[in-house]
Structure formats: structure tokens, C-alpha cells
Amino acid sequence: MADTYDFGLVGLGVMGRNFILNVADNGFTAFGNDLDEEKVNALIAEGGDTSKVNATSDVATFVGALSTPRKIMLLVPAGKVVDLVIDGLLPHLDKGDIIIDGGNSFFTDTDRREAYLQQKGINFFGAGVSGGAKGARKGPSIMPGGSREAYQYVKPIFEAVSAKYKGEPCVAYLGPKSAGNYVKMVHNGIEYGLMQLTSEIYDLLKKAGGLTNQELHQTFGDWNAGRLQSFLVEITSEIFAQKDDLADGDLVDKILDKAKQKGTGKWTSQNAMDLGIPVPTIDIAVSMREISALKDERVKADDLYDKPELTSVVKDSLISKAEQALYFSFIMTYAQGMHQLADASKEYGYELQLGEIAKIWRAGCIIRAELLADITSAFQADNNLQNLLLSPSFVDKVKETVGAARELVAYGASNGIPLPGLSNALTYFDAYTSGRLPLNLIQAQRDYFGSHTYERLDKEGIFHTEWED
């Protein structure tokens, strides 16, 4: 056993165990803590050399084994558990020690905890970690926010364990307070959108194009070798090749069509509404998971209503248009998420650098994609860019693919194939690029029944009309 350890971690589930082993692999000594003795023993066994990796179920022993200022990361479920762990650590900590919440905590909880711990002289970070269990072991994308000064103690460890994109670590100090947890929340909202869009394109190719799972495997694999290269497209290709080990056939066809959620997508959508930022592709992705949960009702409704007879399509043409539409809608989803980050940065004083955020998402995280290299360049060229759609570097990308999105949305509508994510992405684009919208009528209606007033195109000031007179 070492005299002291460089890094401590509470919560030795799969994520925590993998993360702490990653720390040890990169030249730092690490000490774990968990109330479950089995998890403690599993880490010690897997770590091998206790001078590099060790663990205990005793909090006092755990804290006492760490070098100062102590750097303690929590990988425990969001919510009350985080507060309980913090309260259990506090009696054993000294001023200047650092607690890092690596879970998906809601950003206002992070602000509350930081203020509480600041009074006690303890530094607190919210650090989003994305990449799943494999990412935690081999290199995740890490999104820390909190005290810039305290981050310097954590920086060497985080940079060592994070994913690398062309040699650059996928971690950066993002801003004060809950900036890290907020960015991770929006990352997850974007993730919801991308997953919904991918599922819709799969549905379209299968129903309209009649693609087999083997053809879907090949198609998504081909796309992953091109401009749609991304973690989600890659694993989608692999999913279609997975055989069922409990029965004949392919596993994907046996999985119940009910998608669950842990809340981060909903938080993104709710907060965007609070900020007044439109994120319709993320909104509908959350709603579709809720609709999917209504399986029994959906089956009953399916028996009550007829679907249109599918119009025939040319398979190769459909695949080409689907690739274009998916690329288009991916751009729209990233644009919405980045727009939300830009507005939140102003509202909450995060001082976010959007180019830096896109940069650390290029590897390690669930939404990693080749497209993020272009997004990084767009925001590095203009950090005050209001929306990705206003970047000169994205205009041609959108122009080249929007036509295919229009065709597929029209096909889905006339053939009874639900494409809500793609439809909302297209509607978002059409609305955002319309210099004149019909909302003047809504404002007239509001003034008519509620005297809410209106502004005019031709005169400055606030106006009201007595409409019934």
C-alpha cells in the first residue's frame, strides 16, 4: 500500500471501477471507496498492485489515504445520494480539498452544493463524464466546471485519462459554477435527438425500402466510413449484425419497442423552454420515448386505423436520400444544442467557449462524430456565432442535403411512417430561415382577447387596438 494516493473515487460500480483503473493506467495512484465490500474487493483484485490501486469501505480510511489537497470524485447516482456522500465525507476533509461530482446531476443542484461547500472551504466541481463504461476505462470525454484555480490540481489527471482526438485531450475547463454539468446535460439532449433520428431512418429504410438487417448493417457501416462517421452510426451498424443468443434470428427484432430515459433529455428540453431557445428535435425525441411507453395503447390504436399502402421506391435512391437527410438533421440537432449552450452561458455567467466544447466532444463521448471537427472550426472562427446555420462553412452542407429531407418527410407523411424528428428538424430549419413568419397574427389575437399589445414593422413603440370597436 502506498503512503498516500493521488486520486480518490467514491462509487465502485462499473463506471467508477473502470474510471479508477484508467487513472492507475495513466501513472497516478488511486484509492476507491464503496459501502459494498464485494465492489471493494473486485477493484482490489482487478487492480492487482495495491500500491497503485486500492479500496476500502471505510470513509475515514479512504480520506486519510489521499494526498492533499484531496481530489475525490463521486460516480454515484444523481440526486440525494450525492448529498449523502458529501455529508459523509465532510467531517474528514480539510479546507482546500476538492470534491468532483462525475454523475448527471441537475445543474441547479451543482450550484447549491458548490455554495454549501464553499462556506466550508471545500472546492466543488460538476464534471460531466461521457463515453459509457468502455469510455471510462479507455478514455471518456470530460466536462468540468467550477473553480478555475482548483481545477489546476485535477487537470493533469483528467487530461491523462480522457479520450484523445489526434493527440489532443477531450477535456477542458469549461467555466464557473455548474458549467460542466450544464454542458453534459445539453450533450445528453443532443444524444436523444441523434438517437431518435437514427431510429427513424432505420424505420424508413426497413418499411419503405425493405432492407434486411444485413443490408442495414452494411448501409450504416458504409455511412460510418463517410461524413456521417460517428459513434452512434457505428454502433447502429453493429446492432444489426447481432444474432439472438436466446432464440433464432437477429436480436434487434426481439427487443421491445419501449425506450426508457433517465431524465437528462427532459431537463434539456425544459430548460430550453425556460430560456426561450427552440430545440424541437430534442423536444420530440423526449416525447417519442414517452409515446413508446404507451405500448398497449399503441397496439389497440393500430387495430383501429388503417395505414396507407406504401408507395414503391427505388432502394438505392432511398438509401442515398436517407444518408443526406440524416446528415441534414444531425446538423440541425447540433445547431439547436449549441444555440442553447450559447444562451445559457449568458444567462448563467458560464463564459462558455463553444468551439472548445465541440472540440472535447470529438472523441470519447456518445455524440462524438466527424461533424464535430467542422463545428469546432465554425465556432473557433467566430466564437460569437449565434447559430451554426449562420456559419458560412455550413451553408453549402445544408443546401446540399435539405432537399432529400423534404422528400423523405413528404414520403413519410403520405405513407403513414412517423418521422417526427426529421420533420421537426426540417420545420426548425424552415422557420429559422424565414424572414417573415405568421406570428404577427398570433400577436394580434393576443392583443384582441387580452390587450397584450404589439409592435409594428413601420413605427417604433408599443401599440394596442380596441379590436371590437
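This is a predicted model: local features need pLDDT of at least 70, side-chain atom pairs count only at pLDDT 80 or more; totals for chains, interfaces and linings use all residues.

Visitor: Is valine 252 buried or exposed?

Guide: Here's the general idea: buried means under 20% relative accessible area, exposed means over 50%, and partly exposed is in between (1.4 Å probe, protein chains only). Valine 252 has 17% relative accessibility, so it counts as buried.

Visitor: And which residues does valine 252 touch?

Guide: A contact means heavy atoms within 4.5 Å. Not counting residues up to four places away in sequence, valine 252 touches Tyr202, Asn213, Ile239 and Phe240. Take isoleucine 239: it is 13 residues from valine 252 along the chain, and their C-alpha atoms are separated by 6.8 Å.

Visitor: What about lysine 254, where is its place?

Guide: Lysine 254 is in the loop between helix H10 (231–240) and helix H11 (264–275). With a relative accessible area of 43%, lysine 254 is partly exposed. Leaving aside neighbours within four places in sequence, its contacts are Asp244, Ala247, Asp248 and Gly249. Lysine 254 and aspartate 244 are 10 residues apart in sequence, and C-alpha to C-alpha they are 8.0 Å apart in space.

Visitor: Let's zoom out. How many helices and strands does the protein chain have?

Guide: The protein chain has 19 helices and 9 strands. Its radius of gyration is 25 Å, close to the 23 Å that the globule rule gives for 469 residues, so the chain is as compact as a globular protein of that length. That radius is taken over C-alpha atoms, and the globule rule is 2.2 Å times the number of residues to the power 0.38. Along its principal axes, the C-alpha trace spans about 75 × 65 × 45 Å.

Visitor: What percentage of the residues in the protein chain is buried?

Guide: Buried residues make up 50% of the 469. As for contacts with a separation of 6 or more, residues 24 or more positions apart account for 68% of them.

Visitor: How many positive and negative side chains does the protein chain have?

Guide: For this count, Lys and Arg are positive, Asp and Glu are negative, and His and the chain ends are not counted. The protein chain has 46 positive and 63 negative side chains, with the centres of the two sets 2 Å apart. The place of each charge is taken as NZ of Lys, CZ of Arg, CG of Asp or CD of Glu.

Visitor: Which residues does UniProt list for a domain?

Guide: An unreviewed UniProt entry lists residues 180–468 as "domain: 6-phosphogluconate dehydrogenase C-terminal". UniProt positions are given in the numbering used here, feature names are shortened, and annotations may be inferred rather than shown by experiment. Over residues 180–468, the chain is 64% helix and 0% strand.

Visitor: Where does lysine 177 lie?

Guide: Lysine 177 is in the loop between strand S9 (168–169) and helix H8 (179–207). It has a positive phi of about 55° although it is not a glycine. At 34% relative accessibility, lysine 177 counts as partly exposed. Leaving aside neighbours within four places in sequence, its contacts include Thr110, Asp111, Tyr348 and Tyr350.

Visitor: What is phi of lysine 166 near?

Guide: Phi of lysine 166 is near 50°, a positive value in a residue other than glycine. Lysine 166 is in the loop between strand S8 (164–165) and S9, and with a relative accessible area of 74% it is exposed.

Visitor: Last one: what kind of peptide bond joins threonine 68 and proline 69?

Guide: A cis peptide bond joins them, with omega about -10°. Proline 69 lies in the loop between helix H3 (59–64) and strand S4 (71–74).

Key
Residues are numbered from 1 along each chain as its sequence is written. Side-chain values use heavy atoms; hydrogens and water are left out. Helices (H or I, at least four residues) and strands (E, at least two) are DSSP runs, numbered from the N terminus.
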